[in-house]
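Please brief me on the structure below. Cover confidence, chain contacts, domains and helix packing.

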Amino acid sequence: MRPSVLLRLALAGTRTDRLRVALTVLTAALAAAVLLVAATVLAIDAAQPQYQVLLLNHLDLRQMTSAILAVVCMPVLALAAQAGRIGAPGRARRLAALRLAGASPRQVTAITAAETGVASALGGVIGLAVYLAARVALHRQDNDRLWLPTDVLPSPGPLALIVLGLPVAAALVAAVLLRRVHESPLDVARTVEPARPKPWPLLLIAAGLAAYVGVGVGFDGSWPEPAPLFAGGIAAAAGLVFSMAWLSDRGGRLLHRLGRGPAALLAARRLQADPWTGSRTVGVLVVCAWVAGAAGALRAFAQAQLAAEGEPQSWVHEVTGNVIIVPNASDDFFNSIVKLVDMAVGGAALIAAAGVLLGLLEAVAARRRVFASLTATGVSRGVLVRAGLWQALAPVVVTLPGAVVLGAAMAWLALPSIAEGKVTMCIPADCSDAVMSERVGSIAWFADWTEVAAVSGAGLIVVALLAVAAGATLRARTDLEALRVG
Amino acid sequence: MTASYVLLGLLARGPRHGYELKHAYDQRLPRAKPLAFGQVYSTLGRLERDGLVTQAGQDQAGGPERTAFAITDDGRAALETWLGEIEAPAPYVSATLLSKVVVALLVADPARATAYLSAQQQAHTSRMRELTRLKSEQDLTVGDLIAVDYALTHLDADLRWLQTALHRVADLHREVQS
Amino acid sequence: MSPILTARDLTKTYGVQPALRGIDLDLHEGEIVAVRGRSGCGKSTLLHCLSGILAPDSGEVRFRGDRIDDTAEPYRSELRRTQFGVLLQHGHLISELTSAENVALPLMLGGGSRRAAMAAADTWLARLGVAEAAEQIPGRLSGGQLQRVALARAMVTQPVVLFADEPTGALDSLAGELVMKLLTRVAREQGTAVVVVTHDATVAAYAERELVLRDGEVDPTGLGVAIGVPA
């Protein structure tokens, strides 16, 4: 097959296919830009970097910033996965037709991989362009200090890895995800039922929690080791994402047992029949709730510390015996971390919400014939919209608040207890630089429950609004043309 | 000559009297033209003469004396041969319906052709409706059902052929006009 | 006896293509009428207009004397749910509900309790000879079973009129015969009037009369085609 033929076949398709390609480009651009920023932060290697954004001036905090940026990539990847499903039945039919026309499995794989690869490469280039433009636009100085590390470029290795590796990785993932499609030249409509989800990903959450308990128990007053914190966080986040399918299934069963009325029945059976679709994007939204819970706890921690010490303090830096030396920095430092986390969570939640919406729209589109026939038999659209709402809310109504509390609890476990200190010495005498204090006790603190409730409520409202928004397209989807199609 | 093979087929399952044979024949082929008693006995006589059946005793149970007939080995062989012969598809298409439709389309003006064909189609349709009602409202034997299916399918084929023929003529007409 | 459903001078146009041109129809209680014609003759459109799924461009449809074509969609939805039954070529069952749940759905939509709806569903499935399919999801059923479950769903509300669009179109002849036999039998037992749209004369033969459409009009000759002068 000549490359031109390959490209022609890869980019052929309907409007839905073009939407999928456009979203692939967009997500790839987003991922590339975020990864480039992370690489830039890691590339700062001056001995004493001086930026207005204070947390870029410490090595371990730079690493944490990069890690947070990498975490932001997770919903982007989930969005990419959801985007890849758009028009999937239509594409599966087209690929099956290609197989019938004599294409080998390898050629069909090449066609799918080419579509994703080309789109991701384009996205990567756009991401690079956006990054370079932003670098110029944000190159500002105040008091001889740059705001952001716009004077640094990522080292060539990571740069090449991001710009070239992203499309290659995306193409490989696409090839692996669609491997089933190529097995048979017959339409995949008769595939086996999806496997029942298993509850084992819940163990990942437990492992993450255990890691944080370990960090908390092992706390000796020093800054905790980042490795178990990071690993535990990743484990808990992955556990949340992967256990969503099982939770959806359980939610469906419960709804089937307890729910009354046809909308609940429709939603319950739908959740049980396919707990996988959309569970990952919803999972990412739940992870955002989890991070928001942790951020809330961080804020509560700062406030408790403020209350304990009467003036803005950053946290423990160095420990000698039971005497804690607290550098008397401004609260900018701490706030910039919380602000960064908040921004990251907000952005990630926005992207995840977009993914959830896409998933819901796709679910409506894939079932238009069923919806049309239900409308023909006199089912009002209200019932269908309510069923969509039940279906979207059932898996998250407990999970989302649970994730917020889990995040807060994990942050609470990992953060040091707040010392109630007695100042023993000031350096210099007016305590303007540092104080030495003796620990006399600790102050109880936990995340603000109103904030937990607010974040949970906001998350649930977002999901409900998305479900209603997807339901609004039902009117167009239930047109009776769908009944005429064989 | 089909009737003699049907009688042979009925006898292949065991000896029977002529009277029984007549009823079994009507039961198995309920929609066929009924077989007259005289025809049963003349056919049996011919079969006996050719050595395909033989008399298998007489009885008088509660009525006139009756002769039972049984199939011979030659009879079985003849039946086998007949069953093995392919029925040649008719070499020439000939049916009154076909001829009438062709002639109607040829010579009649459109209005008269339409009137004739419409009446013909209605006759077919109402016969189909009758047979369908029979099929769904009564408990028919398998033999009856098979026979009704045969009749229905042929009527349906006639109608479909008629439709196709009319559409062909209409298409042709449209082409000539344009 | 006055007809239960009447259509007068129905027209419906898709774009520039007229699908229906001045159709009149009277449907009496318990009557079985076939609508026949080649594909594209407007027979499905007629069915959709009669059942209130589509609104005609002009003309009127009356059910028990009341106009339904100019009423709001919620009212027509309710009418379809309570007075009409709809059976389509591919059954259109909901793939993740069991057969019994599919059949129970219309009753539950009408506000019935789940228990009562499920009991009625089981009765109907047994009546149509598919009791063994009650707990199965549609994906596991044969075409004939699917259509019988779909028929149960259409009949469970004991509709006044049943609309069937090519109900045997996807079935082999014996399965199709069984569906048509059951359809006409239960319709007669319930006193349900039936409008069955089909291109198949053997299916139309189950009806008491038939309406043949040609280019969106009733063809009084029943031939479905105009006879031109042969070349």
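The briefing below goes topic by topic.

This is a predicted model; local features need pLDDT of at least 70, side-chain atom pairs count only at pLDDT 80 or more, and totals for chains, interfaces and linings use all residues. Residues are numbered from 1 along each chain as its sequence is written, while chains are lettered from A and ligands numbered from 1 in the order in which they are written. The model scores ipTM 0.81 and pTM 0.74.

**Confidence**

- pLDDT is the predictor's confidence in each residue, from 0 to 100.
- Chain A averages a pLDDT of 76, and 72% of its residues score at least 70.
- Residues 311-330 of chain A stay under 50 in pLDDT, and the model has 44 contacts beyond four places in sequence for them. Two residues are in contact if their C-beta atoms, placed from the backbone, lie within 7 Å.
- Chain C averages a pLDDT of 88, with 98% of the residues at 70 or above.
- Among the elements of chain C, helix H2 (residues 73-82) has the lowest mean pLDDT, 83. Strand E8 (residues 193-198) of chain C has the highest, 95. Helices (H or I, at least four residues) and strands (E, at least two) are DSSP runs, numbered from the N terminus.

**Chain contacts**

- Chain A puts 20 residues in contact with 21 residues of chain C.
- On the chain A side, helix H9 (261-273), helix H12 (368-376) and helix H17 (481-484) each supply at least two residues. H9(A) gives the most, with 7 residues.
- By class, that side of chain A has 9 nonpolar, 6 polar and 5 charged residues. Ala, Val, Leu, Ile, Met, Phe, Trp, Tyr, Cys and Pro count as nonpolar, Asp, Glu, Lys and Arg as charged, and the others, Gly among them, as polar.
- The contact between chain C and chain B takes 19 residues from chain C and 25 residues from chain B.
- Helix H6 (173-190) and helix H7 (201-204) of chain C are the elements that give two or more residues to the chain C side. H6(C) has the largest share, 3 residues.
- That side of chain C divides into 10 nonpolar, 6 polar and 3 charged residues.

**Domains of chain B**

- The domain assignment gives domain 1 (2-84) and domain 2 (96-177); such bounds come from an automatic or database assignment.
- Their C-alpha centres lie 37 Å apart.
- 5 residues of domain 1 of chain B are in contact with 6 residues of domain 2 of chain B. The domain 1 side has 2 nonpolar, 1 polar and 2 charged residues.

**Helix packing**

- In chain B, helix H5 (residues 96-107) and helix H6 (residues 110-137) pack at an angle of about 160°, with axes 8 Å apart. Axes are lines fitted to C-alpha atoms, for helices over the stretch in contact, and angles run from 0 to 180 degrees between N-to-C directions.
- H5(B) is therefore roughly antiparallel to H6(B). Angles under 35 degrees count as roughly parallel, over 145 as roughly antiparallel, 65 to 115 as roughly perpendicular and the rest as oblique.
- Val101(B), Ala104(B) and Leu105(B) of H5(B) meet Ala113(B), Tyr116(B) and Leu117(B) of H6(B). This contact has 6 nonpolar, no polar and no charged residues.
- In chain A, helix H5 (residues 105-137) and helix H6 (residues 156-177) pack at about 150°, with axes 8 Å apart. H5(A) is therefore roughly antiparallel to H6(A).
- The residues of the contact of H5(A) with H6(A) divide into 11 nonpolar, 6 polar and no charged.
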